[in-house]
Each structure stands twice: as C-alpha cells, then as structure tokens.
Amino acid sequence: MDQACEFCGQGNNLSRRGARFCSAKCRVYWHRAAKRLPDRMTREARWVRADGKRPIRVDGSPASSTDPSSWSSFPEVSASTAGNGFGVMLGGGLGCFDLDHASEADLREFLPTVQEPVLFVERSMSGHGFHVFIEAPEAKGWRRGNLERYTRQRFIRVTGDRVAL
C-alpha cells in the first residue's frame with residue numbers, strides 16, 4: 001500500500017514497508033518540529049493521526065472532532081504509524097486561525113490584529129498558508145475570505161514547521 005511521507009506529504013513509494021518518511025532529512029525535520037510544539041498544545045490528549053485531512057485514531061479507525069474518547073496523547077500519536085501525519089482537535093482553550101494562500105508579509109500584517117495569546121505559528125500542509133494557534137475560549141467558528149477562525153470541534157492538521165517572526 002502506498003503511503004505519503006509524514007513530514008512533506010510526498011514520496012508515495014516509501015522505501016520500506018511501515019516507513020513513515022521519504023528520506024532521513026524529512027525524518028529529522030519531523031522530529032525537530034515535534035519538539036518545537038509548545039507544551040500547552042502537547043500536554044493534553046487532543047491528538048489524532050491523519051489520513052490526508054481526515055482524522056483517524058492511532059489504530060487507523062476514524063476519529064471524531066466531537067468525541068474525546070477517540071483522541072490520544074501526543075506521545076501515542078507520535079509513536080503510531082497509522083495514516084500519513086497527525087493533527088490536533090481544537091477546544092478546551094486551544095484555537096486556531098487558518099490563513100490560506102497567504103505570504104509571510106500577509107502573516108506579519110495579520111499577527112498584530114490577534115487579540116488572544118499566540119501559542120505557535122506554523123506553515124500549513126500546502127506550504128501556501130499558515131496556522132496561528134491561540135489560547136481562546138470556545139466560540140462559533142467563522143470564515144472571512146482566506147481567513148478562518150476555529151476554537152472548538154475542529155481538526156487541524158499540524159506540520160510543526162514553525163514560522164519565526
């Protein structure tokens with residue numbers, strides 16, 4: 001069965017059965033990225049594996065953004081080989097702004113407008129956008145043009161590709 005690299009999403013023909021990365025470079029980047037995630041994001045069992053944009057449990061069965069019993073700890077998710085990546089479920093004080101088709105200049109312009117504490121900023125899976133993880137109370141999500149804001153019942157695929165600004 002063909003599987004994509006967990007870090008870059010490429011490499012549909014991984015070199016060996018059960019391989020998670022297309023190269024040593026991607027494996028190293030993934031582990032470094034995981035270490036850069038803030039404790040506020042990794043200390044709670046809000047993590048799931050991913051199959052594309054679909055959340056799955058560490059055993060590969062479907063996960064739900066509204067059912068915490070289908071979520072796992074970050075170490076459990078990191079140890080699993082199910083799917084082709086991982087993500088976090090929003091809620092419980094963790095939210096995210098999702099900027100699609102944005103440049104770093106757009107991000108620099110946007111960040112001063114964020115009123116909540118910013119936990120972590122990363123490039124999105126496409127490489128053409130950003131996720132701004134925030135501490136925020138749960139509220140209804142919204143979308144305005146290429147900007148979305150979610151603080152509950154939402155799955156966000158995480159790359160760990162930190163943007164330092």
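The model is a predicted one.

Start with Arg49. This residue belongs to strand E1, which covers residues 47–51. Is Arg49 buried or exposed? Arg49 is buried, because its relative accessible area is 0%, and the cut-off for buried is under 20%. Its side chain has a partner in the backbone. It comes to 2.8 Å from the backbone oxygen of Ala82.

Next come the salt bridges. Side chains of opposite charge can pair when their charged atoms come close. How many salt bridges does the structure hold? There are ten. One of them joins Glu135 to Arg40, with 4.0 Å from N to O. This pair links distant parts of the chain. Glu135 sits in strand E6 (residues 130–135), and Arg40 sits in helix H2 (residues 39–42). The two are 95 residues apart. Their surroundings can be read from accessibility. Glu135 has 35% relative accessibility, so it counts as partly exposed. Arg40 has 12%, so it counts as buried.

Another salt bridge is formed by Arg54 and Asp51, at 2.9 Å from N to O. Asp51 falls within strand E1, given its range of residues 47–51. Arg54 is partly exposed, with a relative accessible area of 40%. Asp51 is partly exposed as well, at 37% relative accessibility.

Glu148 and Arg154 make a further salt bridge. Their closest N and O atoms are 3.8 Å apart. Is Glu148 buried or exposed? Glu148 is buried, because its relative accessible area is 6%. Arg154 is partly exposed, with a value of 32%. Some salt bridges share partners, and such bridges join Arg40, Glu44, Arg46 and Glu135 into one network. The Glu135 and Arg40 bridge described above involves two members of that network.

Now turn to the aromatic rings. A pair of aromatic rings is described by the distance of the centres and the angle of the planes. The structure holds six aromatic pairs. One of them is Trp47 with Phe74. Their ring centres are 4.8 Å apart, with 70° between the planes. That makes the pair edge-to-face, because the angle is over 60 degrees. What does this pair link? It links distant parts of the chain: Trp47 in strand E1 and Phe74 in helix H3 (residues 74–79), 27 residues apart. Both Trp47 and Phe74 are buried.

Phe97 and Phe110 form another edge-to-face pair. Phe97 lies in strand E4 (residues 94–99) and Phe110 in helix H4 (residues 104–110), so the pair ties together parts that are 13 residues apart in sequence. Phe97 is buried, with a relative accessible area of 6%. Phe110 is buried too, with 13%.

Ring pairs also build a cluster. Which residues are in it? They are Trp47, Phe74 and Phe86.

Last, look at charges over rings. Arg144 lies over the face of Trp142, 3.8 Å from the ring centre. The charged end of Arg154 sits over the ring of Tyr150, at 3.9 Å from its centre. Arg154 therefore has two partners here: Glu148 through a salt bridge, and the Tyr150 ring through a charge placed over it.

How values were computed. Residues are numbered from 1 along each chain as its sequence is written. This is a predicted model: local features need pLDDT of at least 70, side-chain atom pairs count only at pLDDT 80 or more; totals for chains, interfaces and linings use all residues. Side-chain values use heavy atoms; hydrogens and water are left out. Helices (H or I, at least four residues) and strands (E, at least two) are DSSP runs, numbered from the N terminus. Buried means under 20% relative accessible area, exposed over 50%, partly exposed in between (1.4 Å probe, protein chains only). A polar contact is a pair of N or O atoms within 3.5 Å; within protein, one must be able to donate a hydrogen and the other to accept it, and residues adjacent in sequence count only if both atoms are side-chain atoms. Rings of Phe, Tyr and Trp (its six-membered ring) pair if their centres lie within 6.5 Å; planes under 30 degrees apart count as stacked, over 60 as edge-to-face and the rest as tilted. A charge sits over a ring if NZ of Lys or CZ of Arg is within 6 Å of the ring centre and within 35 degrees of the ring normal.
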